[in-house]
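Biologist: Could we go through this model together? I would like to begin with one residue and then widen the view.

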Amino acid sequence: MKLVLVIIALVGIAVMLLGVRIFFVKGGKFPNTHIHSNKHMKERGITCAQDKEFYK
């Protein structure tokens, strides 16, 4: 039981640390990591499969 509580605490701390920018910065949001918004991928001509399906 102690191990489960320790694991839950560690996961909770990890989530808080990952969300620092969102929780504590005004107007904070997760960075957009989608392929269509990446400049280097655009330069190489790499696109997302979803873009090809939705934007025919």
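Modeller: Let us begin with Gly28, which is found in the loop between α2 and α3. Please keep in mind that this is a predicted model.

Biologist: Is Gly28 buried, partly exposed or exposed?

Modeller: Gly28 is partly exposed, because its relative accessible area is 24% and buried would require under 20%.

Biologist: And which residues is Gly28 in contact with, leaving aside its neighbours within four places in sequence?

Modeller: With those neighbours set aside, Gly28 is in contact with Arg21 and Ile22.

Biologist: Where is Ser37 placed?

Modeller: Ser37 also sits in the loop between α2 and α3, the latter helix covering 39-44. Ser37 counts as partly exposed, since its relative accessibility is 36%.

Biologist: How far apart are the C-alpha atoms of Ser37 and Thr47?

Modeller: Their C-alpha atoms are separated by 9.7 Å, and the two residues are 10 residues apart along the chain.

Biologist: Let us step back. How many helices and strands are there?

Modeller: The protein has four helices and zero strands. Along the sequence, this reads as α-α-α-α.

Biologist: What share of the residues is buried?

Modeller: Of the 56 residues in the protein, 5% are buried.

Biologist: Which element gives the most to the patch?

Modeller: That is α1, with five residues.

Biologist: Take Leu10, then. Where does Leu10 lie, and is Leu10 buried or exposed?

Modeller: Leu10 is part of helix α1. Leu10 counts as exposed because its relative accessibility is 53%, and the cut-off for exposed is over 50%.

Biologist: One last topic, confidence. What pLDDT does the protein average?

Modeller: The average pLDDT is 81, and 89% of the residues score at least 70.

Biologist: Where is confidence lowest, and where is it highest?

Modeller: Confidence is lowest in helix α4, residues 49-54, where the mean is 64. It is highest in α1, at 94, the helix that gives five residues to the nonpolar patch.

Definitions and conventions
Residues are numbered from 1 along each chain as its sequence is written. This is a predicted model: local features need pLDDT of at least 70, side-chain atom pairs count only at pLDDT 80 or more; totals for chains, interfaces and linings use all residues. Side-chain values use heavy atoms; hydrogens and water are left out. Helices (H or I, at least four residues) and strands (E, at least two) are DSSP runs, numbered from the N terminus. Buried means under 20% relative accessible area, exposed over 50%, partly exposed in between (1.4 Å probe, protein chains only). Contact means heavy atoms within 4.5 Å. pLDDT is the predictor's confidence in each residue, from 0 to 100.
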